[in-house]
There are 2 protein chains.
Amino acid sequence: MRILMIGAGGVGSAAAKILVERDFFEALVIADYDPARATAAAEAATSRRAGESRVSAAQIDASDADAVAVLAREHGATHVFNAVDPIFDMPIFDGAFAAGADYLDMAMSLSHKHPDAPYIECGEKLGDAQFAKAQQWADAGRLALVGIGVEPGLSDVFARYAADHLFSEIDELGTRDGANLVVRDDDGNEIFAPSFSMWTTIEECLNPPVIWEKERGWFTTPPFSEPEVFDFPEGIGPVECVNVEHEEVLLMPRWVDCRRATFKYGLGEEFINILKVLHTLGLDSTEKLRVKGVEVSPRDVVAAVLPDPATLGPRMSGKTCAGLYVTGKGKDGAPRATYLYHVVDNADTMRDYDAQCVVWQTAINPVVALELLATGMWSGSGVLGPEAFDAVPFLDLLKDYGSPWGMQEKPVG
Amino acid sequence: MRILMIGAGGVGSAAAKILVERDFFEALVIADYDPARATAAAEAATSRRAGESRVSAAQIDASDADAVAVLAREHGATHVFNAVDPIFDMPIFDGAFAAGADYLDMAMSLSHKHPDAPYIECGEKLGDAQFAKAQQWADAGRLALVGIGVEPGLSDVFARYAADHLFSEIDELGTRDGANLVVRDDDGNEIFAPSFSMWTTIEECLNPPVIWEKERGWFTTPPFSEPEVFDFPEGIGPVECVNVEHEEVLLMPRWVDCRRATFKYGLGEEFINILKVLHTLGLDSTEKLRVKGVEVSPRDVVAAVLPDPATLGPRMSGKTCAGLYVTGKGKDGAPRATYLYHVVDNADTMRDYDAQCVVWQTAINPVVALELLATGMWSGSGVLGPEAFDAVPFLDLLKDYGSPWGMQEKPVG
């Protein structure tokens, strides 16, 4: 396996560090728009393993499908691993296809609001642009494995595991994400600092959340709908969660039989309030505005005024939890409610990988998937989500990587 | 009386329209940095009265004291009326003095936070820069009447009236400002749109609020301290009010005997929350930030993203109330609590003056004061607040202008 990874940001850099611990690949090219960033990520990874010579760096414009194809061919890439913002999904996806390589990403192509009823009906959905080309990939016998981060990704693997091994009938596949992360300033005071790109968080949280129901198909609601306090495991505790647009809702019902699929994000009351205020004022807007002689987009200003999430690791403490809450009937036919989850402590990822936990938790899953593809444990063609594959080898290998998942029975309501 | 009014914004334009209804002055020169704005204000005022020939327009840089003096001398101004942002107070104040004219403003020179204990102790206070020159004005026999808008202004007149005619002993002089104004978009939906400059509102509300107590003198607290629901008259009803830095607290105790002076602004829960969020994120900052290749101050972006308050009049409905809540002992020695107030309905000021109510309510008071100075009912020298003068002629003349004030007894707590 020869991997071309596009993107040397937080997730890409962490994935490279995890990759060099494994023997399953022959080459890893790390490409970024900023060649210095690509080189730094390659060096940071290489320095972790004596004699490591598989990693190199390159420059790429991820918005240019032809450039992606040229670089993939130049390095004989068998797999193109997309580790940049989903805004670049389509050129990388198309470039990989053109070069004859397989493709992986951690977030699907972007959605567009319904022009008339944005908070009731779906417009173009997450991944629609990719699924529109599924036949082309299938016909060519080539694989695009989409949404293989932690959420989407591990959450989708959990869905498949629940259907195959835990439940005879599923009511809801409810992804639930929560954390108790705290960021402190140099004086030790708690500060407001999102652990993920504020620009993307606004995009994700203010887009109309999508829900799937068997009778109704996909539909949307207003932002922050159906608030629910979910009790997260391993000391995180109760966090207020609300519906958010996310890939799981678009992926799971394609392969796993259920009555309803949702994604709720544990934003917490403070963060929800902040996002609502930004929206009320129009500060979430991406349209440029004239301000005292210069043109600037309000959302860019909001992102710029906050600390860079990539720098927060050392000032952060706490745990982050990704998981899937499944309700329905167990294999014995009795009502069952189970939370399948993966918790990461920031102290551990900082110590072992010099990576912030949210970023590291995203990065480990595509590496596990690449290893399953390299060894032939997973194989397929077309545009497939993680739930299209057998969950057991993935969950076993994740444990083997030293990052076990957990399972908690919940009260049946 | 020959008036040089500097500033042809909302308040200046409304003041000019009110002025032309009166006969007490010989000339009104409206000067603005933007000569077109000055001309428009002059024409709007002149067109309201047949044969009106007293009003002219000029260009001025309000930050240049020499330019103010030159323009004042050129037009033989006896009174310079400052109707621009308080940031320009000192050059206009000094320019008027240099030209031998008297001076009026509606907000005093700006404060600066205490460097070490900003939310406990005062640094340079509102008006300190002006009061530092009080002797100079007094020695020259010249008058600077500071803080003669509605708040400060009418509120200070109320303080003097309460002390002279209603109370034998005053515990608290508590300015309380509230409104039930609502702004709607073209579809009739309520939108968030402050009725006053958002830049100034942030400045006012996030600066440490100042309080005066007889034993302690002036001191500060954290923003939004001492929340209190105050029940406003004439159908406005209860509004959440919090301490805000304001001139009354600096003015009233200089001339009126009391135990405590406060200013609480009826921001309401939504607005308080918005200001807190802006502060949490650092979007209240005035320091320039680099955002995608341009330099911009976050606070300027927040102001730019909101509708221009000057355009809101036609889309606004409701009433605004300025007033003073006085507690203590009545002239009979019995406990007394009285709210002296002035309510303006936006529908009235839009119909009669094509001016938004908050702006119009600010503008009428300096016009009343100018008339009292012109007729000799008010006279004095030095740097004086409105409470240094007899309140009765002011309150009578305000009624005569068709804008009566009110008084409401409150339960004694």
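This is a predicted model: local features need pLDDT of at least 70, side-chain atom pairs count only at pLDDT 80 or more; totals for chains, interfaces and linings use all residues.

Two strands count as paired if DSSP finds at least two bridges between them, and the strands (E, at least two residues) and helices (H or I, at least four residues) are themselves DSSP runs, numbered from the N terminus.

Residues are numbered from 1 along each chain as its sequence is written, chains are lettered from A and ligands numbered from 1 in the order in which they are written, and side-chain values use heavy atoms, with hydrogens and water left out.

**The sheet in chain A**

- Strand β8 (residues 182-184) of chain A is joined to β17(A) by 2 bridges, and the two run antiparallel.
- For A:Val182, the bridge partner in β17(A) is A:Ser317.
- As background, strands of a sheet pair through backbone hydrogen bonds, either parallel or antiparallel.

**Where the two chains meet**

- Chain B and chain A each bring 24 residues to the contact, where contact means heavy atoms within 4.5 Å.
- Together they bury about 2000 Å², with 81% of it on carbon and sulfur atoms; buried area here is the accessible area (1.4 Å probe) that two parts lose on being put together, summed over both.
- B:Leu281, B:Val301 and B:Val305 supply 26% of the area that chain B buries against chain A, more than any other three residues.
- How many salt bridges (a side-chain nitrogen of Lys or Arg within 4 Å of a carboxyl oxygen of Asp or Glu) link chain B and chain A? The count is 2, and one of them pairs the side chains of B:Lys292 and A:Asp300 at 3.7 Å, N to O.
- On chain B, the side touching chain A draws at least two residues from each of α10 (268-281), β15 (289-291), β16 (294-296) and α11 (298-305).
- The biggest giver to that side of chain B is α10(B), with 7 residues.
- Sorted by class, that side of chain B has 16 nonpolar, 3 polar and 5 charged residues; Ala, Val, Leu, Ile, Met, Phe, Trp, Tyr, Cys and Pro count as nonpolar, Asp, Glu, Lys and Arg as charged, and the others, Gly among them, as polar.

**Buried spots in chain A**

- Helix α1 (residues 10-19) of chain A is mostly covered, with 9 of its 10 residues buried; buried means under 20% relative accessible area, exposed over 50%, and partly exposed in between (1.4 Å probe, protein chains only).
- The buried residues of α1(A) include A:Val11, A:Lys17 and A:Leu19.
- Their cover includes β1 (2-6), β2 (27-32), α2 (35-46), β4 (79-82), α12 (346-353) and α13 (357-375) of chain A.
- A:Ile274 belongs to helix α10 (residues 268-281) of chain A and is buried, at 2% relative accessible area.
- Setting aside neighbours within four places in sequence, A:Ile274 is in contact with A:Phe192, A:Met198, B:Val277, B:Thr280 and B:Leu281.
- A:Thr201, in helix α8 (residues 198-206) of chain A, is buried at 2% relative accessibility.
- Beyond neighbours within four places in sequence, A:Thr201 is in contact with A:Phe196 and A:Phe271.

- The peptide bond from A:Glu151 to A:Pro152 is cis, with omega near 0°, and A:Pro152 is in the loop between β6 (143-145) and α7 (154-166) of chain A.
- In chain B, a cis peptide bond joins B:Glu151 and B:Pro152, with omega about 0°.
- A:Glu234 isn't a glycine, yet its phi is positive, about 55°; this residue is in the loop between β12 (228-232) and β13 (237-243) of chain A.
- Is A:Glu234 buried, partly exposed or exposed? At 42% relative accessibility, A:Glu234 counts as partly exposed.
- B:Asp354, also not a glycine, has a positive phi near 50°, and at 55% relative accessibility B:Asp354 counts as exposed.
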